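Q: Hey, I just opened this one and I'm new to it. Can you walk me through it?

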Amino acid sequence: MFDVSFIPAFKDNYIWLLTRGKRAFVVDPGEAAPVEARLEADGLTLEGILITHHHADHQGGVAELKARWQAVVYAPGNESITGCTHPLSGGENLDILGAAVRVLGVPGHTLGHIAYYTPGMLFCGDTLFGAGCGRLFEGTPAQMHASLSKLAALPADTRVCCTHEYTMSNLRFA
């Protein structure tokens, strides 16, 4: 299994850093500079990038990272993702740093939104947050409900790794 930590970005984004030894993958790098700084500080080599959806704050750093590292890019195949090398739609099984990762189609926030699940951990992009879920920019309420139901069916001990810290504002809204 890989180790997981986060790299803060923008005002409230999380870029998830997956490492095994000196090998690394990142999830939703909206900007490259904080990723590059962390990789350099820890002496890591970027092997791959996992993208959940097409919004710029989730893929904005891909081109710059790919210019420096020969990283593969897994991303929704039906969305416009810079540098995508492995288009996905959900249902695929990946090997990420020696761990089995299942790709889940979770439309709602965007039509092609995907999530990445490995036993005990979910990288869900903008589908699920602390005390809330993502806004419907392209999908329908029925799609979001089906996607959230899919995530709710995961084991109860699953750690949810969302890509924004909205918990306090979601609780104020509720």
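A: Happy to. Keep in mind that this is a predicted model. One place to start is strand S9 (residues 114-118), which is joined to strand S10 (residues 121-125) by 3 bridges.

Q: Which way do those two run, parallel or antiparallel?
A: S9 and S10 run antiparallel. Across that pairing, Tyr116 stands opposite Phe123 in S10.

Q: What sheet are they part of?
A: An open sheet of 5 strands, in the order S7-S8-S9-S10-S13, with mixed pairing. Strand S7 (93-96) and strand S13 (159-162) are the edge strands, so to speak: each pairs on one side only. From one strand to the next, the twist averages 25°.

Q: And what lies across strand S8?
A: Helix H4 (residues 141-152) lies across S8 (99-105) and S10, at about 155° to S8.

Q: Back to Phe123. What aromatic cluster is it in?
A: Phe123 forms one aromatic cluster with Phe6, Tyr14 and Trp16.

Q: How many aromatic pairs are there?
A: The count comes to 5. One of them is Phe6 with Tyr14, an edge-to-face pair with 4.9 Å centre to centre and 65° between the planes. Phe6 also pairs with Trp16: the ring centres are 5.9 Å apart and the planes are at 65°, so that pair is edge-to-face.

Q: What does the Phe6 and Trp16 pair tie together?
A: Phe6 lies in strand S1 (residues 3-9) and Trp16 in strand S2 (residues 13-20), so the pair ties together parts that are 10 residues apart in sequence.

Q: Is Trp16 buried or exposed?
A: Trp16 is buried, at 6% relative accessibility. Tyr14 is buried as well, at 18%, while Phe6 is partly exposed at 41%.

Q: Switching topic: how many salt bridges?
A: The whole structure has 3. In one of them, the side chains of Glu47 and Arg23 meet at 2.8 Å, N to O. That pair links distant parts of the chain, with Glu47 in strand S4 (residues 45-50) and Arg23 in strand S3 (residues 23-27), 24 residues apart.

Q: What about Arg38, who's its partner?
A: Asp42, with the closest N and O atoms 2.8 Å apart. Arg38 and Asp42 are 4 residues apart in helix H1 (residues 33-42), so about one helical turn separates them.

Q: And Arg68, what does it meet?
A: Arg68 meets Glu40 in a salt bridge of 2.5 Å, N to O. Arg68 is in helix H3 (residues 62-68) and Glu40 in helix H1, 28 residues apart. Arg68 is partly exposed at 43%, and Glu40 is partly exposed at 48%.

Technical notes:
Residues are numbered from 1 along each chain as its sequence is written. This is a predicted model: local features need pLDDT of at least 70, side-chain atom pairs count only at pLDDT 80 or more; totals for chains, interfaces and linings use all residues. Side-chain values use heavy atoms; hydrogens and water are left out. Axes are lines fitted to C-alpha atoms, for helices over the stretch in contact, and angles run from 0 to 180 degrees between N-to-C directions. Contact means heavy atoms within 4.5 Å. Rings of Phe, Tyr and Trp (its six-membered ring) pair if their centres lie within 6.5 Å; planes under 30 degrees apart count as stacked, over 60 as edge-to-face and the rest as tilted. Buried means under 20% relative accessible area, exposed over 50%, partly exposed in between (1.4 Å probe, protein chains only). A salt bridge is a side-chain nitrogen of Lys or Arg within 4 Å of a carboxyl oxygen of Asp or Glu.
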